[in-house]
Amino acid sequence: MVSANPPVKRASVHTLGCRLNQSESVLLREKLEADGYRIVPFGEEAELGIINTCTVTNLADAKCRNAIRSFIRKNPRAFTAVVGCYSQMGHKAIAEIPGVDLVIGNQDKLSVLDHVGFGKNETPVIVRDRIDKTDFTIRFAGELPFKKRANLKVQDGCDFMCSFCIIPFARGRARARDFANLVDEARSLAERGVRELVLTGVNIGTYDHGGRGILEVVDALNGVPGIDRLRISSIEPTTIPEELFCRMRDPEHALLPFFHIPLQSGCDRILGEMRRKYSVSEYLDFIHLARDSVSDLCIGTDIMVGFPGETAGEFDETCRVFRENPFAYCHVFTFSEREGTPAERMDGAVPVPERARRSAFLRRLSAGRRHDYYEQHLGRTMRVLFEDPKPGLWTGYTDNYIRVVVDAESVPAGTGNLTNRTAEVRLEKISADFVEGRLE
Ligand code: SF4
C-alpha cells in the first residue's frame with residue numbers, strides 16, 4: 001500500500017565561524033524541524049542545504065566557498081541557501097557559484113525559510129537588506145529536546161571599528177536583544193534540559209536594553225530555574241563591569257569564573273594602529289584585579305599576529321606579555337588583509353611566511369601555558385558538568401574551563417548516566433589537551 005504522506009524533506013545546516021553563528025544555526029535547525037524538515041548531517045543527501053557563513057578573514061571566505069561547492073556537488077538538485085556574514089559582504093562572489101539558489105545577508109538570515117522555493121532558481125535570489133540599528137527579538141521554536149549547554153544570543157553588531165575588522169560592516173551597529181525575549185528563551189532551554197548557558201554576541205559588554213546591561217542579564221538568567229551555569233563567551237576589555245567579580249565569587253550565583261578577553265597585541269603602538277580602546281597596562285591592570293578578586297578564575301585571550309608594521313621586537317613583546325601574565329591560553333589569529341578595512345591599506349605588510357612563523361610560535365606558547373594551567377589544578381577535586389559521552393569515556397568541563405575526561409570503567413557501579421549531571425571529580429593526570437580524573 002502506498003502511503004498518502006508526502007516524503008519528509010531533509011535539510012542540513014553547515015556553520016562556519018564564531019559562537020554567535022553557531023547559536024543562530026541552532027535557531028535555524030529548530031525552525032526547520034518545526035516546519036517538518038528532518039535534519040541530516042552536512043554531507044548527507046538533502047533537499048535543502050543552508051550554509052551559515054563567516055567573513056572574518058580571506059581564508060574564512062575561501063572555506064565558505066569550498067563548503068558551498070561541496071554541498072552542491074553532493075546535492076546538485078537540492079535548494080542551496082547561503083546566509084550570514086559572507087553573504088552580507090560577498091554576495092556577488094557567492095551568486096557566481098553555479099548551483100546557489102539564495103543568498104541572504106545577516107538582517108534576514110533567520111527568516112531564510114520564507115525565501116526557500118520548490119525546485120531550483122534559475123538565477124540566485126539575493127536578499128541583502130540594510131541591517132537594522134534597533135534592538136531585536138528572536139522568534140524561537142522552543143519545542144525540541146535540548147540536553148547540553150546552549151549558546152544564548154544576547155546581542156549583535158559592534159560600533160568599535162577596530163582597523164582590522166569587517167564585523168561592524170557584516171553585522172551592523174551594536175544592538176541588544178529584547179531583555180524579556182532572551183530570558184524567555186533561557187526558560188525554554190532550561191525546561192528542555194539545558195543547565196549551562198553561554199552568552200554570545202559580537203560585543204556583549206555593550207549590551208544595553210532600556211538601561212539594563214550585562215549585569216542585569218546575568219542576574220535575570222541566574223534566576224531561571226534549572227540554569228546552574230552561566231558563561232560569558234568573549235567580552236571586550238573596557239566593557240567589563242567589575243561587579244561581575246562578586247557574581248563569580250558568589251557560590252549561589254550561576255556565573256562561572258571565566259573570562260575570555262581579547263588582548264590582540266602586547267604592544268601599545270600596535271594597539272593604537274588597531275584602534276583598540278586600551279593600553280597594555282590598562283588591560284593588564286584589569287586582568288590582575290580580576291585574578292586577585294576571583295579565585296580559580298580562568299582568563300583566556302585572543303592575540304593577532306602579523307599586523308601591518310609589527311616588527312620582530314614588537315611580536316617578542318607580545319609573547320613576553322602573554323608569558324608573564326595570568327593567562328590560561330590564547331587563541332592566535334594570523335592577520336590577513338580584509339577588503340574594506342583600514343588595515344588593508346596600511347604599509348609595512350609582514351611577509352606571509354613570517355606571519356605563519358609567529359603564529360606557530362605563539363600557538364606553542366599557548367599550548368605550554370594551557371598545560372601549566374592544568375598542572376596547577378592536579379590533585380584537586382572540582383565540580384564537572386558532564387556532556388555527551390565518548391565511547392568508554394565521560395567528558396565535561398570544570399567551572400573554570402578545564403576539560404576533564406573520566407574513564408567509564410572507573411565510575412562506581414550504579415552511578416548511571418552522567419550526561420548533563422554535575423559531579424565532583426579529582427583531577428589526576430594531564431593527557432593531550434584534557435585532564436584525566438576520577439569521580440569522588
Ligand atoms: S571589538 Fe573590534 S574586533 Fe571586536 S567585533 Fe568590534 S570591531 Fe571587530
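This is a predicted model: local features need pLDDT of at least 70, side-chain atom pairs count only at pLDDT 80 or more; totals for chains, interfaces and linings use all residues.
**View 1. The pairing of S18 with S19 and the turn that joins them.**
Strands S18 and S19 pair in the antiparallel sense, and 6 bridges are found between them. Within this pairing, Ile430 stands opposite Val435 of S19. The hairpin that the two strands form has 2 residues between them, and in this hairpin Ala432 adopts a positive phi near 50 degrees.

**View 2**
Strand S17 (residues 403-407) and strand S19 (residues 434-439) run parallel and are joined by 3 bridges, and Val404 has Val435 in S19 as its bridge partner.

**View 2. The packing of helix H11 against helix H12.**
The axes of H11 (residues 312-324) and H12 (residues 352-375) come within 11 Å of each other and cross at roughly 10 degrees, so that H11 is roughly parallel to H12, given that angles under 35 degrees are classed in this way. On the H11 side, the contact involves Ala312, Phe315, Cys319, Phe322, Arg323 and Glu324, which meet Arg357, Arg358, Phe361, Leu362, Leu365, Ser366 and Arg369 of H12. By residue class, this contact of H11 with H12 divides into 7 nonpolar, 1 polar and 5 charged residues.

**View 3. The shell of residues around the ligand.**
Surrounding the ligand are Cys158, Phe160, Met161, Cys162, Phe164, Cys165, Pro168, Val202, Glu236 and Arg276. This shell comprises 8 nonpolar and 2 charged residues, with no polar residue among them.

Ile39 belongs to strand S2 (residues 38-39) and is partly exposed, its relative accessible area being 23%. Leaving aside residues up to four places away in sequence, Ile39 touches Ala11, Arg29, Leu32 and Glu33. Between Ile39 and Gly313 there is a separation of 274 residues in sequence and, from C-alpha to C-alpha, of 51 Å in space.

How values were computed: Residues are numbered from 1 along each chain as its sequence is written. Side-chain values use heavy atoms; hydrogens and water are left out. A residue is near a molecule or strand if one of its heavy atoms lies within 4 Å of it. Ala, Val, Leu, Ile, Met, Phe, Trp, Tyr, Cys and Pro count as nonpolar, Asp, Glu, Lys and Arg as charged, and the others, Gly among them, as polar. Axes are lines fitted to C-alpha atoms, for helices over the stretch in contact, and angles run from 0 to 180 degrees between N-to-C directions. Helices (H or I, at least four residues) and strands (E, at least two) are DSSP runs, numbered from the N terminus. Angles under 35 degrees count as roughly parallel, over 145 as roughly antiparallel, 65 to 115 as roughly perpendicular and the rest as oblique. Contact means heavy atoms within 4.5 Å. Buried means under 20% relative accessible area, exposed over 50%, partly exposed in between (1.4 Å probe, protein chains only). Two strands pair if DSSP finds at least two bridges between them.
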